[in-house]
Amino acid sequence: MLDQLANLWVSLDSAQRRNLVLLGAITLAALLGTVIWSNRTSYGSLYSNLPTEEAAAIVEYLRSQNINYRLTDGGGTIQVDYARLYELRLELAQQGLPRTAASTGFEIFDRSGLPGTEFSNTVNYQRALEGELARSINSLVTVHSARVHLVLPHYDLYSGDQPASASVVLDTQYGGSLTNSQIQGIAHLVSSAVRGLQPTQVTIVDSSSNILNSPASSTSAGGLSAQQIEAERDFERNLRDQLQAMLDQTVGPHNSIVQVQVALDFDTEQISSDTTEPLSGPGAISQEHLIKEEYDSRAAPPGAVPGYAPESSTEGGSYSSEEQARIYHHSRIHKEIQKAPGKIQRLTVAAIIDSELKDISPRQIRDLLAAAAGIDAARGDTITVEQMALQAKDIAKKQVEETEKAAAALHSSQRTQTILRYGITLLLAVIFAGGVLMGSRQLSSALREVGPLPSSAQPSPHADSQPRAPTPQDDSQPVGPTSADQYVDQLQQQAPEVLARQISIMMETEDE
């Protein structure tokens, strides 16, 4: 087989050899490209937004374990093979990396041996409490990392109890922002874990040095606290959404705009009253004292001793005396009324409807909004409805078009990537198949040009390893295609090695 291939290569001209080498190179490149494309590594982000020290420690561990990695975002993001992403996170967590996520909690007392001094125990307790609070805050979905610093209350002989305070540094997920309710939740979480700490004494700062909560910000310039301002904003937001939803169903979306402003009374009022009312009827008398005296001519004068008859009496005289004293029951009513804060002092509603609307009037809109919002003129509430041209519909239409364009571009990009991926694979397969097909055609063409080899050049399995001379044939039967000379010429052109071998065999035979 190798001899036949060698003979075939010798029989080819330079152009055929060049084409065959080119096809082999293309086929080999296609195979290598297919192997590389199928075995390429898909990277995933192991950690992102890492400090330089943390990234250096993680990279050192990956190098020690001979794990391939890739750095992006200026070294702040480390990417590894996606197939080992979660496994490596567990391994790094076991090694205590990254250290910013590992806070020391109350397990610090498990590692301690002999009991320390009062100062060391106090410091360890503060470190443990700070670590546990940082872990609790890190467990929140919107928080990426947090650090907590506490000033624990202590008793001073001259000044008494010192107030507690705390400061929290937050790094939110993907640089997002926290709502006021979330900030207050973190402040109450920290204050509830420390004795004597008030939520207003918790200072919260984000990674951009923005103050989210502090004692100074607990009260605004107008005397309202942050919670009270948030309550007003929530009331306005809820009422505006309700009124806007009603108008959208009435006049259609993007044809109206509603704004609400409210002033709430946060003063707490407590009323205590006592009312006393007299009773009537038989059971109304609590105590009664009656005295009644009557005298006539035969009776003894006032001051006479009973049983002693006076010598003389006044004739024709009489005496009568009556005294009454009554104490009545009284009903007593005690009332204590405590009014909760949040009463509406004044409500203002303003609405704008599109001038293109002709089927409904501003007066009808005003009546609907007044009934839905509970407008009270005696309280000083006002409502205003105007009709003018709005651009909200055009803006919404442009936003929808931009969103659709962005979605279409994303879909097109994904489809292009998919087509490119499968197209490259198909192209490599076509190149490989074309190379094989063209190679087979070149081989077939070369074999046809060589023609069938003489029978003496094809040794039989039982023949000796040495080639034998061809058997003489009759003159009547042509030796080659037309004659012996033509056969020799053809054999010299197509298989000169076979011809030389036959000549050497013939010369050895003659010598014998």
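These are my notebook entries on what I looked up in this structure.

**Entry 1: the whole chain**

I started by reminding myself that this is a predicted model. I looked up the overall make-up, and the chain has 11 helices and 16 strands. Next I asked what share of the 512 residues is buried. Buried residues come to 22% of the chain. For the accessible surface I noted about 36000 Å², with 53% of it belonging to carbon and sulfur atoms. I also looked at contacts between residues at least 6 apart in sequence, and 68% of them join residues at least 24 apart.

Then I went through the pairs. E1 and E3 (residues 77-81) run antiparallel and are joined by 4 bridges. Here I found glycine 44 opposite valine 80 of E3, and tyrosine 47 has isoleucine 78 in E3 as its bridge partner. E2 and E3 are also antiparallel, with 4 bridges between them. In that pair, threonine 72 has threonine 77 of E3 as its bridge partner.

How many of the 5 residues of E3 are buried? I noted 4, so E3 is largely enclosed by the rest of the structure.

**Entry 2: nonpolar cores**

I moved on to the insides. In soluble globular proteins, nonpolar side chains tend to be buried together. The largest nonpolar core here has 22 residues. Which of them touch the most other members? I wrote down Ile137, Leu150, Val168, Leu170, Val190, Val202 and Ile204. At least two core residues come from each of these: helix H5 (118-138), strand E4 (143-151), strand E7 (165-172), helix H6 (180-192) and strand E8 (202-206).

I clicked on valine 190 to see its surroundings. Leaving out residues up to four places away in sequence, valine 190 touches Leu133, Ile137, Leu150, Ala166, Val168, Leu197 and Val202. Another core lies apart from the largest one; it has 21 residues, including Val262, Ile344, Val349 and Val385.

**Entry 3: salt bridges**

Side chains of opposite charge can pair when their charged atoms come close. Searching the whole structure gives 7 salt bridges.

I looked at glutamate 132 and arginine 135 to begin with. Their side chains meet in a salt bridge at 3.5 Å, N to O. Both residues lie in helix H5, 3 residues apart, which is about one turn of the helix. Are they buried or partly exposed? Glutamate 132 is partly exposed, with a relative accessible area of 24%, and arginine 135 is partly exposed at 34%.

Then I took arginine 233 and glutamate 232, whose closest N and O atoms are 3.9 Å apart in their salt bridge. Arginine 233 is partly exposed at 38% relative accessible area. Glutamate 232 has 9%, so it counts as buried, the cut-off being under 20%.

In the pair of aspartate 381 and arginine 379, the closest N and O atoms of the salt bridge are 2.4 Å apart. Aspartate 381 counts as buried at 7% relative accessibility, while arginine 379 is partly exposed at 29%.

Key. Residues numbered from 1 in each chain as written. Predicted model: local features only at pLDDT ≥ 70, side-chain atom pairs only at ≥ 80, totals over all residues. Heavy atoms only, no water. Pairing = 2+ DSSP bridges. Core = buried A, V, L, I, M, F, W, Y, C linked by side-chain atoms within 4.5 Å. Buried < 20%, exposed > 50% of the residue type's maximum accessible area, 1.4 Å probe, protein only. Contact = heavy atoms within 4.5 Å. Areas by Shrake-Rupley, 256 points an atom, 1.4 Å probe, with all protein chains shown as cover. Salt bridge = Lys/Arg side-chain N within 4 Å of Asp/Glu carboxyl O.
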